[in-house]
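Please examine the sequence and the three-dimensional structure shown below.

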Amino acid sequence: MAIIFEKTKALTDATMHYCPGCTHGIIHRLVAEALDELGLLGKAIGLAPVGCAVFAYNYLNCDMAQAAHGRAPAVATGIKRARPQNIVFTYQGDGDLAAIGMAETIHAAARGENITIIFVNNAIYGMTGGQMAPTTVVGQLTQTSPYGRDAATAGYPLRICEMLSTIDGAAYIERVSVDCVKNVRNAKKAILKAFQTQVDGKGFSLVEVISSCPTNWGIEPLEALDWLREHMLPVYPLGVFKNKADAEASK
């Protein structure tokens, strides 16, 4: 009998711990399928820092290491330079990458480090109770902005893809979402492209995934997807922000 569909070998059999409606599980699967389909599983090394995804090593069936909060790009840089034959990636949330890890992210891109970053943006600190993050949108309620983020006192949300796309060392930057089937498919294509960028030795690649956090947003899972579309996507538009390979090919 022909096999039509089977679970990717890049995911373990462990039951995921994420809250109902959290899309980390979807993103884990997309990363796993990409590694499997590209034949990279045997030489992939993932980095999970502090945050909701700290237990990614329980679910991804490849070598994994843990980094201190925000330092995953720095650790990935060391591993990739020591073992250039390996495929090195980080899996980071917005509180990790866009706050304490911002310097590591920017300078890894500036150096053109040949690593891949999967950046999960749910606009809040998820693991520590739902505080305001650098990506929290204006007016969003959090534990530390109970009346909504006020731009006059807390500033505006950071747009990571737009920022990194201006850096010469960045090779591939795209923002995707996993709120519907169409966007999940597009997200997988982007993750495949990011890993292929590293395989081809093109340099730094990052895929930002707009995600939901029903628990800390204080709403039901389906309502959270609607909230994401209404409040996050206008601030964080989807699309390719930089593709150095295509730009060079068109010259």
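S212 is found in the loop between β6 and α8 (214-217); helices (H or I, at least four residues) and strands (E, at least two) are DSSP runs, numbered from the N terminus. The model is predicted, so to speak of local features requires pLDDT of at least 70, side-chain atom pairs count only at pLDDT 80 or more, and totals for chains, interfaces and linings use all residues. Residues are numbered from 1 along each chain as its sequence is written, and side-chain values use heavy atoms, with hydrogens and water left out.S212 counts as buried because its relative accessibility is 0%; buried means under 20% relative accessible area, exposed over 50%, and partly exposed in between (1.4 Å probe, protein chains only). A polar atom of the S212 side chain lies 3.2 Å from the backbone oxygen of G21. Such a polar contact is a pair of N or O atoms within 3.5 Å; within protein, one must be able to donate a hydrogen and the other to accept it, and residues adjacent in sequence count only if both atoms are side-chain atoms. Leaving aside neighbours within four places in sequence, S212 is in contact (heavy atoms within 4.5 Å) with G21, C22, T23, N122, W217, A224, L225 and L228.

The loop between β4 (116-121) and α5 (151-154) holds T136, and A123 lies in the loop between β4 and α5 as well. T136 is buried, with a relative accessible area of 0%, and A123 is likewise buried at 0% relative accessibility. Beyond its neighbours within four places in sequence, T136 is in contact with A123, I124, T142, R149, P157 and Y236. The phi of A123 is near 65°, a positive value in a residue other than glycine. Most residues other than glycine have a negative phi.

Where is T166 placed, and is T166 buried or exposed? T166 is in the loop between α6 (160-164) and β5 (170-177), and T166 counts as exposed because its relative accessibility is 62%. The C-alpha atoms of T166 and P234 are separated by 21 Å, although these residues are 68 apart along the chain.

| Side chain | Backbone atom | Distance |
|---|---|---|
| S212 | oxygen of G21 | 3.2 Å |
| T136 | nitrogen of A133 | 2.8 Å |
| T166 | oxygen of M163 | 2.7 Å |

Helix α4 comprises residues 102-110, and its buried residues are M102, E104, T105, A108 and A109. These buried residues pack against α2 (72-82), α3 (94-100), β4, α6, β5 and β6 (204-210). Just after α4, G112 takes a positive phi of about 65°.

The protein chain as a whole contains ten helices and seven strands. Along its principal axes, the C-alpha trace spans about 50 × 50 × 35 Å. Buried residues make up 52% of the 251 residues. Among contacts between residues at least 6 apart in sequence, 68% join residues at least 24 apart.
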